Amino acid sequence: MNLSKLAEITNGKIYNNQNINIKNIKIDSNQITEGDLFIAIIGHNKDGHDYIESAIKNGASAVITSKEIPNQIPYIKVADATIALGQIASYIKEVSHAKLIAITGSTGKTTTKELVYSLLKNKYSVLKTDKNQNNHIGVPLTLLKIKNEDFCIVEMGMNHLGEISYLSKLAKPDLAVITNIGSSHIGNLGSKENILKAKLEIKDGLKGDLIVSGDDSYLNKISAIKVGFNDGNDFKAYNLETNLMRSSFWINYQNEEYQIKVNLPAHLIDDVLISIYIALKYEINIQDIINTLENFQNISMRLTVKKINTNTIISDCYNSSFESLTGDLTMLIPNKQKKLLILGDIAEAGKFSKTIHENLKPFIEKLQNYELILIGPEMMNLQINKAKHFKNYKEALIYLKNKEIKNTLILIKGSRIMKLENISDFFLESKRP
């Protein structure tokens with residue numbers, strides 16, 4: 001793409017104009033190589049304009065900026081560099097032939113993305129959101145990577161109203177998914193009704209179908225394609241059997257019954273059904289679907305299970321909400337093995353935090369043979385006599401390093417801010433007994 005086209009897309013003005021073509025577009029000056037364009041966005045902690053000289057030194061051939069710069073390098077001055085990033089990304093998506101699938105929801109976004117990606121790869125070239133790049137910067141960065149892929153799968157996250165609307169209008173999804181409506185970010189949004197409203201903004205740029213969990217008490221009332229176990233869903237599963245992290249169920253497809261097996265617990269099976277529906281919609285062979293799901297492994301820190309010597313480690317420490325934590329606890333109820341629960345704060349609950357943490361108590365007390373470690377100030381609201389409280393993961397680690405732990409099922413779960421992956425890493429070291 002040349003500089004003139006970029007100026008047209010961003011409604012910007014070119015300075016020191018040269019007829020140059022841009023190789024890649026980047027926002028990290030350290031990643032710039034010869035022939036790249038650097039966009040100087042202003043973030044929460046850093047101002048990209050402070051890194052223009054570094055970008056030029058690394059080989060940038062042009063810059064997009066919201067400020068005039070004295071350097072003689074060609075640059076485009078725009079009103080807002082972050083908006084310009086989105087405008088360019090939107091253009092790249094629109095001129096590509098890639099179908100875009102957008103996924104949002106209170107929980108399960110990443111698992112659903114990984115499931116859909118794994119299934120579509122059986123037949124197509126697929127690009128997906130990397131890590132947690134699901135906001136107004138991350139989504140455009142994903143779209144900038146589109147080359148000749150058949151599909152692009154993006155997560156869309158939010159903390160406030162209006163954020164998903166912006167992303168949806170930018171990406172113009174061909175298909176959209178809402179996994180569920182939970183209490184994540186309720187501290188910012190005030191109610192589940194507002195969370196539903198925020199998630200439904202994914203329709204603002206949607207060009208095709210919306211697929212939701214019809215088993216969700218909020219989503220089953222909206223107009224969409226619904227999947228799940230309940231009667232009235234457009235795509236139904238039945239005869240669910242589950243044992244810790246292994247589940248099986250049945251579906252009926254083209255008047256034939258098929259058993260599906262997957263290494264995920266019961267509370268994530270609606271996400272599996274959504275992925276199956278999408279795969280079938282895009283003509284993935286049913287046997288390929290069955291085989292792929294049977295071998296599916298979730299990504300690191302997202303509800304993964306590993307056997308380390310005599311202990312079984314369930315690591316789900318990327319994030320937490322009331323719904324995802326109680327889902328994890330519920331899957332442990334039938335298990336009679338000795339358990340160690342290491343639970344960190346549920347963040348961003350605002351004025352609801354005390355109630356949310358208190359309401360965990362009946363789920364925990366249904367368990368058998370457990371020890372409980374609670375980490376963080378919000379977990380102080382969970383009053384269970386046998387619990388040990390720690391301020392942070394570092395204090396908990398001191399305790400754990402001096403404790404003999406054998407033949408134990410260990411659940412590690414907390415919001416990202418709690419950094420419980422440090423505890424997970426401690427247990428996953430091979431030297432542990």
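Residues are numbered from 1 along each chain as its sequence is written, and side-chain values use heavy atoms, with hydrogens and water left out. Because the model is predicted, local features need pLDDT of at least 70 and side-chain atom pairs count only at pLDDT 80 or more, whereas totals for chains, interfaces and linings use all residues.

Helices (H or I, at least four residues) and strands (E, at least two) are DSSP runs, numbered from the N terminus. An open, mixed sheet is built from five strands, ordered S1-S5-S4-S3-S2; two strands pair if DSSP finds at least two bridges between them. S1 (13-15) and S2 (25-26) are the edge strands, each with a single partner, so one side of each has no neighbour in the sheet. S2 pairs with S3 (residues 37-39) in the parallel sense through two bridges, and isoleucine 25 has leucine 37 of S3 as its bridge partner.

Helix H3 (residues 81-95) packs on this sheet, touching S2, S3 and S4 (contact: heavy atoms within 4.5 Å). The direction of H3 makes about 130° with that of S3 (axes are lines fitted to C-alpha atoms, for helices over the stretch in contact, with angles from 0 to 180 degrees between N-to-C directions). Helix H1 (residues 3-10) lies across S1, S2, S3, S4 (62-65) and S5 (75-77), at about 10° to S5.

Turning to the helix pair, the axes of H4 (residues 109-120) and H10 (residues 286-294) come within 9 Å and cross at roughly 130°. On the H4 side, the contact is made by Leu115, Ser118 and Leu119, and on the H10 side by Ile289, Thr292 and Leu293.
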